[in-house]
Amino acid sequence: MRFIFKTRYQQDIDLFKHNGQRFWYGVLAVLVLVAPLFLDTFYLGELSLVYIYAIAGIGLMLLVGYTGLVSLGHAAFLAIGAYAHSWFMRQGLPLPLSMLAAGLVSAAAGAMVGRPTLRMTGIYLAIATLAFAIIVEQIIAHWEPVTGGFRGQLVPDAVFAGVDLSRGAPFYYLCLLSTVLCLLAALNLLRSSSGRAMIAIRDSEVSAQSMGIDLARTKTVAFAVSAGFTGVAGALFAHKLGYLAPDAFTMLTSIQLLLMVVVGGLGSMPGVFYGAIFIVVLPQFIAIMRDTLPAAVGQIPGLEPGLFGLILILFLIYEPEGIRGRWVKIRQFFSEFPLYRKATHKRQKSYLRTERVR
Amino acid sequence: MEILQILISGVSQGCVYGLIAMGFVLIYKATEMVNFAQGELMMLGAYFAYTFINILGMGYLFGFMATVLSMGLVGVVLERGILRPMIGEPPFAVLMITIGLGFVLRAIAGAVWGTETKSLSNPFTGQVARVGELAVGYENLAIIAGTTVLCIGFYLFFRFTRLGIAMQAASQNQLAAYYVGIPVKRIYSLVWALSAALAAVAGVLVAPVSLLEPVMGFIGIKAFCAAIVGGFGSLPGAILGGLIVGIAEQFAGLYLPPGFAATTAYVILLVMLLVRPQGLFATMQQKKV
């Protein structure tokens, strides 16, 4: 265990806590930069998908992991981002502007949902966002002039400055660049006063309020920012899919996004990436399993959502901190080797007192 | 006349929502947990009935009883296996776990019974009660009657029996209930058994009007809207919310352009959350420090 003696405030808000981190993240940066040299097209595509999910995950993590608000409807923001981006592209907006605009449209939608749902918490908010997602799905299916309805629509190629960025290595770099920018933006937000306010709300709404935090404003900002990131991810997702249809953004997608942040580890940005890798790798893994397993097991319809559900259950029961939490525990086990105490990470249980009158 | 006819089919559909919503409310009332898999439990109940009645050839009534009992058992198993470790965890985690459970149950149903639609044989098929120009299917009448009986039964149960009151106590403060000698854990198992059995009843009643398929549990989301509209935690509210959603849906399907009927429940929900977030029969208040 490394203990850092902090003498300046700058040290407290540094993105990298110590030189070890700087070194390893540097190695990682070099690896992802040279990845197109040694990965073939398929794996490059999958890695791009990891980045896209990670951007959406950053958005959702800000909301669920840092502000403590649950959204079961983030597929709607993904869809809004994707369709808005496609529309802006067809209007002739350049690629970066269009992506930004898609993010802004999505953020506006997020603020619109966030504002009235502020009074709700917990399940009420979750179900309200779910209702919003289902309504958005229906709007997409029936607003044919703009969305193409059930038939769907072709996404314009991502051409910027004469270069086609819609597939292969150029698309990979586009996703990578967007991910890094989004991650930096999110990390910066988290060390600003707004970000701190979000965390305070997550930990205790009442004490946050008594410290002078404007609950309504902070929650709306969190919702809008979260939706905005997800919208940008949606724009990239549109290029990845190539063809937009309403069935790409169902409730299952929302649950998948939520699964990603829970499995990755709530309340940590690295967790987003673990989760994104997890949900990209799992379907591939299932596809391979299907071929090797006996047909009776491998051909079960709905095997994939079923497995997603099962994994979600197992994580929530046995490792609610997600992959990130497990990693922290393993690291601590080795760094404190003979003296590791299991109770260090014991979960605090809180026994409920009802909010009901009668 | 047409309006009355739609009203009746709306009431019957609303009773279905109400029945499932009652399952939500039951678990919420007693354990303060939100069971998102209630629709899937209903689906499983319908498939159990299909197995007992169509495949094993039991009589309708006998198969019905076997379904209710076995689903009660399923409820206990689920509680012991999955929900028991979650006591004391944040509500969000419980919500997520039941969502996961819903996916798993759907996959299991797809694996065991297949994804093609099936229909449950029942004594009501094709029989229609006629009052003047009105024609009401017996299966719709069965749904309405079943809902009424169950609703009254549960209301009396929570109001007057020791067990019902113990359940309410367990929900209001788990630790305090434990201190005064209420076997909280056993109560939780019982509630899940009751709720799963209720879902089974809903499944058996719904099966004649809708087809059996693994995705029929999605109706649970609309029932959830109904429960919130009625005020989460209130049994009469659940039924009333179900009726509102069911009737509005039928009228929207007839008078509004396509697409509106599918979203009616959610629009009602959002409007309700804006106007009166605590629902029609409010049982919630802001948590104090």
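The model is predicted; local features need pLDDT of at least 70, side-chain atom pairs count only at pLDDT 80 or more, and totals for chains, interfaces and linings use all residues. Residues are numbered from 1 along each chain as its sequence is written, while chains are lettered from A and ligands numbered from 1 in the order in which they are written.

Two packed helices are described by the angle between their axes and the distance between the axes. Helix α12(A) spans residues 251-264 and helix α15(A) spans residues 303-318. They pack at an angle of about 35 degrees, and their axes are 11 Å apart. Axes are lines fitted to C-alpha atoms, for helices over the stretch in contact; angles run from 0 to 180 degrees between N-to-C directions. The crossing of α12(A) past α15(A) is left-handed, meaning that the near helix is turned anticlockwise from the far one by less than a right angle.

A:Val261 also sits in helix α12 of chain A. Is A:Val261 buried or exposed? It counts as buried because 28 C-beta neighbours lie inside 10 Å. The cut-offs are 20 or more other C-beta atoms within 10 Å for buried and 12 or fewer for exposed, with partly exposed in between; C-beta atoms are placed from the backbone. Leaving out residues up to four places away in sequence, A:Val261 touches A:Gly57, A:Leu60, A:Met61, A:Val64, A:Gly65, A:Leu266, A:Gly271, A:Val272 and A:Gly275. A:Glu205 is 56 residues away along the chain, and its C-alpha atom is 22 Å from that of A:Val261.

**The two chains**

Chain A has 16 helices and four strands. Chain B has eleven helices and two strands. Helices (H or I, at least four residues) and strands (E, at least two) are DSSP runs, numbered from the N terminus. Along the sequence, chain B reads α-α-α-α-β-β-α-α-α-α-α-α-α. Its radius of gyration is 19 Å, close to the 19 Å that the globule rule gives for 289 residues, so chain B is as compact as a globular protein of that length. For chain A, the radius of gyration is 21 Å, which agrees with the value near 21 Å for a compact globule of 358 residues. The radius is taken over C-alpha atoms, and the globule rule is 2.2 Å times the number of residues to the power 0.38.

Along the principal axes, the C-alpha atoms of chain A fill a box of roughly 60 × 55 × 50 Å. The C-alpha trace of chain B spans about 60 × 50 × 35 Å. Of the contacts with a separation of 6 or more, residues 24 or more positions apart account for 74% in chain A and 77% in chain B.

| Chain | Residues | Share counted as buried |
|---|---|---|
| Chain A | 358 residues | 42% |
| Chain B | 289 residues | 54% |

**Two sites in chain B**

B:Val68 lies in helix α3 of chain B. It is buried, with 20 other C-beta atoms within 10 Å. Which residues does B:Val68 touch, not counting those up to four places away in sequence? They are B:Ala197, B:Ala200 and B:Val201. B:Ala196 is 128 residues from B:Val68 along the chain, yet their C-alpha atoms are separated by 8.0 Å.

B:Ser171 belongs to helix α6 (residues 162-172) of chain B. It counts as buried, with 25 C-beta neighbours inside 10 Å. B:Ser171 and B:Glu133 are 38 residues apart along the chain, and 48 Å separates their C-alpha atoms.

**Confidence**

The model scores ipTM 0.83 and pTM 0.86. pLDDT is the predictor's confidence in each residue, from 0 to 100. Chain A averages 84, and 93% of its residues score at least 70. Over residues 354-358 of chain A the pLDDT is below 50; this stretch has 13 contacts in the model beyond near neighbours in sequence. Where pLDDT is low, the predicted coordinates should not be read in detail.

Chain B has a mean pLDDT of 83, with 96% of its residues at 70 or more. Within chain B, confidence is lowest in strand β1 (residues 128-131), at a mean of 73, and highest in helix α3 (residues 60-83), at 90.

Note on methods: Contact = placed C-beta atoms within 7 Å.
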